[in-house]
Amino acid sequence: MIQRAIDNGVSRFFVPSIDSTYTEKMYALETQFPENVFLMMGLHPCYVKPETYEQEMAHVEQQLVSRKFQAVGEIGIDLFWDKTTLPLQQDAFKRQIQLAKQYKLAINIHCRDAFNEVFEVLESEKSDDLFGIFHCFTGDFNQAQRAISLGMKLGIGGVVTFKNGKIDQFLHDINLKHIVLETDSPYLAPVPFRGKRNESSYTKLVAEKLAQIYQVPTEEIAQITTQNAKMIFGI
Ligand SMILES: [Zn+2]
């Protein structure tokens, strides 16, 4: 799968963290593709559980101090799967933003059914050293502008190719310097693979869709979004 992606011009993979049970697998992938795979560290909001919360946060801190990561993520708030953990999710999000600042790293935000809650935490942490990506951005034009004003780039993936995805309707009003490409694989495969298992090689389809929206060559989309990613991840 990684070779197919490389053959399609996708050569760098920024892999988000979920919780401590995935850390070893991430390292194994990095060892296998040391030139291509770059890791993030963080506790995903869907894995914020009262029973394991402090232990998981300690793991994140231990990992961050022990080696180099390219970002803190995925972090954020998800009210689609579990509303009961909201206070803990808010705490995890805030603490991990502070860790990102401490280590001068970008953040990668997961936000589902929680724009107001995510913005509230971001506003409280707003500063020059807060920057990163709003991953799988699915908001409206105003939310896009608000995310950008808080130091975020918009992560655009398969949703932009969906008929009912909505973001394709205003994206042309957002400067390309605020956009990065992403997959969210195995989820959210772009058309014509919608509903199937997503993979990184399909990023090319997302770039092609953006080329239509912005009326520029696909190469220009690739070049600008790669440049944006380099700025965010520092590599
Ligand atoms: Zn996510």
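Which residue in strand 6 is the bridge partner of isoleucine 133? The partner is lysine 153, and that pairing is a handy way into this predicted model.

**The parallel strands**

Let's start where that bridge sits. Strand 5 and strand 6 run parallel and are joined by three bridges.

| Strand pair | Bridges |
|---|---|
| Strand 5 and strand 6 | three bridges |

Strand 3, helix 4 (residues 86-102) and strand 4 form a right-handed β-α-β unit. Strand 4, helix 5 (residues 115-124) and strand 5 form a right-handed unit of this kind, as do strand 5, helix 6 (residues 141-149) and strand 6.

How enclosed are the strands? For strand 4 (residues 106-112), six of the seven residues are buried, so the rest of the structure largely encloses it. In strand 6, five of the five residues are buried, so this strand too is largely enclosed. In a regular strand, side chains alternate between the two faces of the sheet. Strand 6 has cover on both faces: Met152, Leu154 and Ile156 are buried on one side, and Lys153 and Gly155 on the other.

**The nonpolar cores**

The largest nonpolar core has 62 residues, and those touching the most other members are Leu122, Phe134, Leu154, Ile156 and Leu171. Helix 7 (residues 203-214) contributes the most to this core, giving six residues. A second, separate core has ten residues, among them Ala71, Ala106, Val180 and Ala229.

Leaving aside residues up to four places away in sequence, its contacts include Phe137, Ile167, Leu171 and Ile179. Val206 and Leu210 are also touched by isoleucine 156, and both are among the buried residues of helix 7.

The buried residues of helix 7 are Thr203, Val206, Ala207, Leu210, Ala211, Ile213 and Tyr214. They cover an arc of only 165° around the axis, which puts them on the same side of helix 7. These residues pack against strand 6, strand 7 and helix 8 (218-233). The length of helix 7 fits as well: at 1.5 Å a residue its twelve residues should span 16 Å, and the end C-alpha atoms are 16 Å apart. Glutamine 215 follows the helix and has a positive phi, near 55°.

Helix 3 (residues 53-66) can be read in a similar way. Its buried residues are Tyr53, Glu56, Met57, His59, Val60, Gln63 and Leu64. Their arc is only 155° around the axis, which places them on the same side of helix 3. They pack against helix 2 (23-32), strand 2 (37-41), strand 3 and helix 4. Turned away from that buried side is a face with the exposed residues Gln55, Val65 and Ser66. The 14 residues of helix 3 should span 20 Å at 1.5 Å a residue, and its end C-alpha atoms are 20 Å apart, which agrees.

Terms used
Residues are numbered from 1 along each chain as its sequence is written. This is a predicted model: local features need pLDDT of at least 70, side-chain atom pairs count only at pLDDT 80 or more; totals for chains, interfaces and linings use all residues. Side-chain values use heavy atoms; hydrogens and water are left out. A nonpolar core is a set of buried Ala, Val, Leu, Ile, Met, Phe, Trp, Tyr and Cys residues joined through side-chain atoms within 4.5 Å. Buried means under 20% relative accessible area, exposed over 50%, partly exposed in between (1.4 Å probe, protein chains only). Helices (H or I, at least four residues) and strands (E, at least two) are DSSP runs, numbered from the N terminus. Contact means heavy atoms within 4.5 Å. A crossover is right-handed if, with the strands pointing away from the viewer, the path from the first strand over the helix to the second runs clockwise. The expected span of a helix is 1.5 Å times one less than its number of residues. The arc is that of the directions from the helix axis to the C-beta atoms. Two strands pair if DSSP finds at least two bridges between them.
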